[in-house]
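Here are some notes to read alongside the model, meant for someone opening it for the first time. Keep the viewer open and follow the points in order.

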Amino acid sequence: MAEDITLIIDGVKLTVPEGTNVVDAARTVGIEIPVFCYHPRLRSVGMCRMCMVAVGIPRIDRDTGQCLLENNRPVISMFPRLQTACTTLVSPGMVVMTSTDEVKRAQRGILEFLLTSHPLDCPVCDKGGECPLQNLTMGWGPGTSRFEYHNKMHFEKPVPLGDLILLDRERCILCGRCVRFQDELADDPVLGFDLRGRDWHIISKSDPPFDSKFSGNTTDICPVGALTTTDFRFRSRVWELRSVPSLCIHCPVGCNVNLDMRHREVMRVMPRENLAVNDIWICDKGRFGQHFVESSERLTTPLMRRGDQLVQVSWEQAFETIAERFVAIQRKHGGTALAGIAGERLSNEDLYLFQRLFREVFGSNNLDHRIGTPGDLPDDDIGVMLGVGSGTSLVTLGKGTTVLVIGANPEEEAPVYLLHLHQMVKHGGELVVANVRPTKLDHSATLSLRYRPGTATQLVRGLLRVVLEEAGTKHLSQKTTGLAELRAALNHPMASVVSATGVSEDDIRAAAHTFLQAENAVIIYGAEAMAEGTALSQDLGSLALIAGKTGKANNGLLALLPWGNSRGVLDMGVRPDRGPGYAPLASAAKEREGAGGRKAAEGAVQRGLSAREMWNGVVEGRIRGMYLMGIDPASAYPATRTALEKVDFLVVQDMFLTPTAQMADVVLPAAAFAEREGTYTNAERRVQRVRPARPAPGDCRPDWAMVQGIAEAVLALLKGTDEEQGTAKEPRKKLKGKKREAPGGAETATESPGPSWGYLTASEVASEIAERVPGYQGIAYTRLANAASRGGWGRQPNESFYYGGTCYRNSEGVGIQYPAPAELSGAGFSLKPREVETTSASGGDTRYPFLVVTQRLLYDGDPFLRDSQLLAHVPAPYVAINPSDARSLGVQAGDRVRVASVAGVLELAARVSDEVPAGCVLIPSNLPGAPLSMVQTGLQTRVAVSKVGGRRE
Amino acid sequence: MISELLKGLQTTGRYLFRQPVTVQYPEVKRPVRERFRGRHELKRFANGLERCIGCSLCAAACPADAILVVPAENDPEHPTSPGERYAKIYEINMLRCIFCGYCEDACPTNAIVLEHQYELSFYSRWDAVYPKERLIVPPDQGYGEVPPVLKELGNKSPSPPAQMDL
Ligand code: SF4
Ligand code: SF4
Ligand code: SF4
Ligand code: SF4
Ligand code: FES
């Protein structure tokens, strides 16, 4: 561990860890040393000379090696020249003076010099108001300049560095922060310096220019207004903005952001510091991809089908119709004739009530969150059971840590994790990346393994074998079963693993060894790994357990699920086979009865239908009514259209009139995440909260409120008709009277609605979740508002000399990570390996010679990208083919090719890339107009590829 | 007694032959002082471009929160104002304004000037919100003054937004 060093700054004695530089040391005692080029997250380079200080060290007596003393005080010999504080590391007994006349003169000189060519742009500059150059000039500057005004350097005003970032070369002070961010953190070395002297400027070296998913962050850390985003440019002055704490819901990282509002409009999205999640960064999708909220195509009123048309109706009409039709179906065909699918970017409150509606009111477990394509990933339970330990922070990992990334491409699936992993390697951690093809993370990896498609499970079993050989089960601390079966499954010679996976034995041993020896180890697995089936995650779990890397902070498994609340969806039990908190269905039903619910209908205890089964169920007539919340199967999986047309009654709840909504009988308009309260659970099981930033357009309501509206209407109807049957004619009760009705008052089975509905706010739903969902105990809104990392980083009052304009400090809550079951005692795990379900790359049908490797892209056909400039970054649908395969098919880059499987055909543009293994084709899963689901036959699909017609594109 | 009466009428008599102080408003309007602060005008540069560069400093300075500026980027082919930025929307709510003149002080281009027009009465509250069209002077007049900082510069070239003056 680093030793502590005591030094004196401006007469203040302080102790800081070894390796701290003088700027950071001074900051700990509140002494400000102005900086431009230094950024606490980047290497010090000493480029701007703003941080000049006078430094002295104790004089050492050569004979004794002791400090020379005079009057009992050490003799200090000052360096003859001023030193840059950002590159000077503290040393014992060092004396630093930050405000001598000499220092002040130097600071004034530097500022005067920086301003020689700086234009008088403050009134039109977007950085004005949060600009370190302004602040430092006010605080340390000379006030006047001796330079000739007309001698300023003039450049063409903004030149695009990329399509999202513009550079104003007149304003740039050449601190190199942007270049260093791209090189050191983003690992996209796309920026550089060009020319010299007064012509010195920043350029983009890549093609397409500024090709990085993190480009927006450079505008944050630029200490002047040289870098601006096309998104925020000239939209508002920063002091007019009202920052509303929120989250990005695009991916499982769950970055903390602030929505900077001017009146009702979102002006920009800025990162909000959270040391456990996103540090002070966000990716470009989070920054530029939130325009869907303000789209003019948002639905504003409930719509109902009249003939061929969807016409506007009132909420009462909508709810009553839905209730009547659903109740009619329930009466005639039973609750199990109703099914619901909810999207993975809805909040926990929505999802919890959604499953309550189905389980308690309809008595049906036909719930899912997937679309029902053949390639649907299996629900990931191991990932949450073991999970990463509470207190995990990928940001802080470094020496002593091994991260094993398998079948994942964090750049596309969870971009900000890429920054963290890259940083971890810089701090001395080990990164083992195992994939079928190269990804950007390979640059950072300390060990890259390339396995054959479909053999990840074998590779992991190879690792397991080495771990068992090296350490036996001495690290196994959890209660487990199935070790014997596991050992049996591993009982192949290593050579067979090597020949199957194509990874050398040395590499397998090295990977297993670093994993086992590390103090902390995390396994990250993504979509490509999950596509290999649950056998893989089961084995990854066993690997973590046997190596003793579970149940503590910075250890465990991290699954990169697809969307912002994919973890919450599983936690809330929107799935056919488990209740909230992963409770088995029977026990979940019992608990409901215990809580005053009615006796569970049979349908509520049996496993329900998964999305895939629902579509068949509709066609076979078993499913009559469907409720789709925040999900659009008609575009993501066109094969569902027949079912959507056939289903008797379809309710779609969405923000937009999606293709699915166009087929609906009733469409309910939903409020966006920025218009409501809610909590979301990220990949690390951190529950975080969003707050309303703007009023919802028109009549939109939060999703949970609409689910409640339906539930209340149904219950009112059931109650009303029961009374009718009992006591002759009595007018049917309107739902309004139902609010806040005490449970358990009524006698008949259908009348007792379980815990009452009638939630007034999302926080009431959240408190019920906290009460009733295992794991969520105590996660109330008030506790979510606690900000544990206050003042760590981020823009802080009066400290703009340090981080001006970088990001917002977090005073609104960093979320709560609930413990994984592995951390609680008594949880037992099975090590028993599962059958490998998938066919491997070899073998198979000669008519379909190619194996599809699917890839998730960050910028894909995501409907939430609408109105965003990122749409220009969404590639046209393509298939990537290995050069040798392309040659034998006679396909060249840009040709149109037909990709056909047993299930269907897609016509795509061909790309030729040696990153794709031979015998495979790489197809992004969700590009606009070409959903991969059209050809998928299962988790792994085999296809035939042929060239069509002439060359196009 | 008579003398007292006359004494009393003396003042009356004196004023009888003086210029009356009452002004027949609105037929007659008294001139206002040079530095009178009446309704704002948005000035132009001599080449007809708007002086206002949409910087919102006036809105920031305004103690009554009477000003709304929504900026936008100039079309380089047909600029509204010099430089890159102009005010797409510029509104002053005359019911809020206290005619303090801070906006005028804050403006870096001397675009907003409190002029001498003081007849501000409205039939509806919305009429009191003056949009840019009502504030801006016609293109061929009202060039306003060169900002003092530019005068000091003499013949040295100022920053692009203000170059028009010299
Ligand atoms: S563009 Fe900004 S961050 Fe980059 S070198 Fe210039 S001043 Fe520094
Ligand atoms: S990394 Fe994920 S959560 Fe973070 S900003 Fe990007 S898309 Fe949003
Ligand atoms: S005169 Fe004063 S109150 Fe009126 S708009 Fe200007 S700054 Fe605001
Ligand atoms: S009037 Fe002046 S201060 Fe106000 S926005 Fe225009 S240029 Fe800026
Ligand atoms: S030289 Fe130290 S901050 Fe730039």
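1. A term to start with: a polar contact is a pair of N or O atoms within 3.5 Å; within protein, one must be able to donate a hydrogen and the other to accept it, and residues adjacent in sequence count only if both atoms are side-chain atoms. By that rule, seven residue pairs are in polar contact across the interface of chain A and chain B, both residues being at pLDDT 80 or more.

2. Some housekeeping. This is a predicted model, where local features need pLDDT of at least 70 and side-chain atom pairs count only at pLDDT 80 or more, while totals for chains, interfaces and linings use all residues. Residues are numbered from 1 along each chain as its sequence is written, chains are lettered from A and ligands numbered from 1 in the order in which they are written, and side-chain values use heavy atoms, with hydrogens and water left out.

3. Back to the interface. Taking contact as heavy atoms within 4.5 Å, 21 residues of chain A touch 20 residues of chain B. About 1700 Å² is buried between the two chains, and carbon and sulfur atoms give 58% of that; buried area here is the accessible area (1.4 Å probe) that two parts lose on being put together, summed over both.

4. Now the charges. A salt bridge is a side-chain nitrogen of Lys or Arg within 4 Å of a carboxyl oxygen of Asp or Glu. There are 53 of these salt bridges over all chains, and four are between chain A and chain B. One salt bridge pairs the side chains of A:D126 and B:R85, at 3.4 Å from N to O.

5. A:R171 sits in the loop between β10 (165–167) and α4 (177–185) of chain A, and A:D121 in the loop between α2 (101–114) and α3 (132–140), 50 residues apart; helices (H or I, at least four residues) and strands (E, at least two) are DSSP runs, numbered from the N terminus. Both A:R171 and A:D121 are buried, meaning under 20% relative accessible area, with exposed over 50% and partly exposed in between (1.4 Å probe, protein chains only).

6. A:R171 also reaches the other chain: B:E84 and A:R171 meet in a salt bridge at 3.6 Å, N to O. B:E84 belongs to the loop between β2 (67–73) and β3 (85–93) of chain B. B:E84 counts as buried because its relative accessible area is 10%, and A:R171 does so at 2%.

7. Elsewhere in chain A, A:R437 and A:E528 form a salt bridge, with the closest N and O atoms 2.6 Å apart. A:R437 lies in the loop between β22 (430–435) and α12 (441–444) and A:E528 in helix α17 (residues 527–530), so the pair ties together parts 91 residues apart in sequence. A:R437 is buried at 4% relative accessibility, and A:E528 is buried at 11%.

8. Finally, the ligands, where a residue is near if one of its heavy atoms lies within 4 Å. Which residues come nearest to ligand 1? Of the 13 around it, they are A:C172, A:C175, A:G176, A:C178 and A:C222. Around ligand 3 there are also 13 residues, the closest being B:C62, B:C97, B:C100, B:G101 and B:C103. The residues around ligand 2 include A:C248, A:H250, A:C251 and A:C255.
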